[in-house]
Amino acid sequence: MIDTLIQGVLLGGYYAGIACGLSFMFFVMRIINLAHGSLAVAAAYGLWLLASTFGISPFVGLLIILPVMAVAGWILQLYLLERSARGGALLPILTTFGLAIVIDNLMFEQFGADTRSLAPFIGSLSYDSWELPGSIYVGKLAVMTMATAIALLGGLQFFLSRFALGRAIRATAEDPDTAGLVGIDARTANALAAAIAMVTVGIAGAFLGMRATFDPYSGGPQLLFAFEAAVIGGAGSLWGTLIGGIVLGLAQSLGAQVHPQGFLIGGHAVFLAVLFARLFLTGLPFLGKGGFSRTGLAKIRAAIRSTL
Amino acid sequence: MTMLSVQNLNVRHGLLQAVRDVSFDLAKGDVLALVGANGAGKTTLLRSLAGAHLPTSGRIILNGADMTGVPSHQRIARGIALVPEGRRLFLQMTVEENLLLGKSAGRTGEWTVDRVFDAFPNLIPRRHAKTGHLSGGEQQATAIGRALMSNPDILLLDEVSLGLSPLVVDRVYAQLQTLLTSGTTIILVEQDLGRAMAVARRVICILEGRVVLDSPAKSVTRDQVTQAYFGLHRDSTGREAS
């Protein structure tokens with residue numbers, strides 16, 4: 001039982017890691033990035049390509065891939081999300097949905113249907129473990145993933161609250177017009193935020209590739225897990241996302257103990273339970289305080305109507 | 001010496017022309033009150049001076065440099081800061097964070113977080129409170145402090161008394177008093193005519209987007225301003241189509 005709990009918590013670290021970028025864009029920039037999982041898989045393919053062609057270790061490869069992801073985020077925001085945001089609240093979501101399909105199929109065209117993994121390129125790390133008292137084994141990679149997720153979320157939270165740039169990003173998210181009046185270039189602030197989010201996506205992609213296998217269509221499930229972790233954690237702070245990831249990991253591990261098929265069901269059940277509990281307790285959907293008020297929902301309805 | 005020169009400024013909200021052919025010069029240290037009825041175009045004029053709303057024609061010149069097309073985030077770096085109507089604070093952020101955001105433009109000068117707290121002592125106990133939880137007067141003080149943090153050459157105050165009780169308005173103006181007499185160049189929009197004429201050295205009255213009165217505050221009576229305010233002075237010419 002204790003083993004299950006520990007493994008569940010460590011799995012949660014991975015979910016928190018992939019949810020980090022989604023949650024950052026979701027709560028700070030108010031954009032739901034449905035291409036999140038696909039972008040993580042793209043980063044994993046980038047690392048795989050570097051490792052298999054040039055023999056570059058995935059950890060060194062990150063030094064190349066992360067800047068590429070940052071630039072991709074910058075471009076994505078300036079040329080895609082910002083433009084589509086002018087068309088209403090729903091359009092950026094649809095845009096990222098389309099982007100996910102484009103990325104998935106480009107990867108399929110390029111890399112085929114074979115499943116890949118970064119595990120062969122990291123030596124014994126993918127299966128090494130430490131033994132804890134009571135002959136419980138924890139994977140070194142899993143512990144590393146957890147530590148990285150904590151560092152990422154904590155670092156981002158610290159950056160947002162303590163640094164002028166972080167404050168500028170939060171101010172822009174809250175009120176871009178007034179942000180301009182106090183001297184913040186809203187476009188740059190948003191592009192920078194997107195670049196930061198994509199860097200975390202790149203890191204998440206690396207861990208995805210190292211701990212498991214991936215194929216061109218792996219993005220969907222990753223998005224789902226990230227989304228569930230972000231929603232369970234709720235708004236407020238990025239630490240919530242860490243809690244959300246751990247809760248999801250625990251639910252899946254415990255679900256798997258109950259029934260061999262219970263892994264995914266356990267996670268989904270907790271996600272839905274949290275969602276409905278929040279809906280009934282606060283009357284607000286999962287976007288948290290000040291997220292979707294009635295006017296917000298009305299806007300989305302209007303956007304849906306205008307799109308149809 | 002002319003600090004700000006506004007020349008034949010026209011500003012539109014789509015089909016509605018809110019500011020029509022407005023021109024005035026402002027010298028360093030002037031305190032100018034813009035008065036006029038609701039919808040006269042005062043807020044639009046201030047927002048276009050701050051760069052939040054670009055004009056369709058005309059020129060805005062600050063210290064000899066043409067600012068007409070400069071966007072708001074660069075304009076504050078050149079020295080024009082606006083305290084917007086309705087305060088427009090970042091409500092999820094604390095008083096201190098809002099003040100620090102005022103530094104984004106990167107202008108250095110005498111205004112610091114501590115100096116703002118000196119000028120608005122009522123904010124000291126609320127330093128780490130989210131501005132969404134503040135009273136109206138505290139919010140207004142924060143908004144003014146945030147604008148001052150950019151060390152502006154010209155401070156634009158849009159309806160600082162809006163939504164505040166008379167008592168709180170008195171306190172905000174008492175706190176502004178040092179600012180108003182310290183040689184800071186200020187343009188203020190104020191609904192309360194008596195108060196506007198008491199603090200300003202010059203009064204401009206706007207009616208339907210046009211300047212209908214521009215005079216030193218001392219040499220104009222309340223009645224004259226009231227007449228211009230309601231357009232009574234041009235009864236003989238009749239209302240023009242607009």
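## Chain B at a glance

Of the 242 residues in chain B, 44% are buried. This is a predicted model, so let us begin with the overall build of this chain. Its secondary structure comes to eight helices and ten strands, and the C-alpha trace of chain B spans about 55 × 40 × 35 Å along its principal axes.

A compact globule with 242 residues would have a radius of gyration near 18 Å, and chain B agrees, with 18 Å. Looking at contacts in chain B with a separation of 6 or more, residues 24 or more positions apart account for 68%.

## Chain A at a glance

Chain A has 308 residues, and buried residues make up 47% of them. Here the secondary structure comes to twelve helices and four strands. Along its principal axes, the C-alpha trace of chain A spans about 60 × 50 × 40 Å.

The globule rule fits here as well: with 308 residues, a compact globule would have a radius of gyration near 19 Å, and chain A has 19 Å. Take the contacts in chain A between residues at least 6 apart in sequence, and 72% of them join residues at least 24 apart.

## Where the chains meet

Now to the interface, where 15 residues of chain A are in contact with 21 residues of chain B. On the side of chain B that touches chain A, the elements giving two or more residues are helix 2 (72–78) and helix 3 (95–101) of chain B. Helix 2 of chain B gives the most, with four residues.

What classes of residue make up the side of chain B that touches chain A? There are twelve nonpolar, six polar and three charged residues on that side.

## A buried helix in chain B

Helix 1 of chain B, residues 42–50, is worth a visit: nine of its nine residues are buried, and the helix is mostly covered. Among the buried residues are Lys42(B) and Arg47(B), along with Thr43(B), Thr44(B) and Ser48(B). Leu45(B), Leu46(B), Leu49(B) and Ala50(B) are also buried in this helix. Gly51(B) follows helix 1 of chain B, and its phi is positive, near 90°.

In soluble globular proteins, nonpolar side chains tend to be buried together. In this model, the largest nonpolar core has 159 residues, and those with the most contacts inside it are Ala43(A), Ala44(A) and Leu156(B). Helix 8 of chain A, residues 186–211, gives the most to this core, with 17 residues.

Which residues surround Leu156(B), once its neighbours within four places in sequence are left aside? Leu156(B) is in contact with Leu46(B), Leu49(B) and Ala50(B), with Ile80(B), Ala81(B), Leu82(B) and Val83(B), and with Ile187(B). Leu46(B), Leu49(B) and Ala50(B) bring us back to helix 1 of chain B, where they are buried.

## Two helices crossing in chain A

Two packed helices are described by the angle between their axes and the distance between the axes. Helix 5 (residues 140–162) and helix 6 (residues 164–174) of chain A pack at an angle of about 85°, and their axes are 5 Å apart. These two helices of chain A are therefore roughly perpendicular to each other.

Helix 5 of chain A brings Phe159(A), Leu160(A), Ser161(A) and Arg162(A) to the contact, while helix 6 of chain A brings Gly166(A), Ile169(A) and Arg170(A). By class, the residues of this contact divide into three nonpolar, two polar and two charged.

Methods. Residues numbered from 1 in each chain as written. Chains lettered and ligands numbered in written order. Predicted model: local features only at pLDDT ≥ 70, side-chain atom pairs only at ≥ 80, totals over all residues. Contact = placed C-beta atoms within 7 Å. Nonpolar A, V, L, I, M, F, W, Y, C, P; charged D, E, K, R; others polar. Axes fitted to C-alpha atoms, helices over the stretch in contact; angles between N-to-C directions. Parallel < 35°, antiparallel > 145°, perpendicular 65-115°, else oblique. Core = buried A, V, L, I, M, F, W, Y, C linked by C-beta atoms within 7 Å. Buried ≥ 20, exposed ≤ 12 C-beta atoms within 10 Å, placed from the backbone. Rg over C-alpha atoms; globule rule 2.2 N^0.38 Å.
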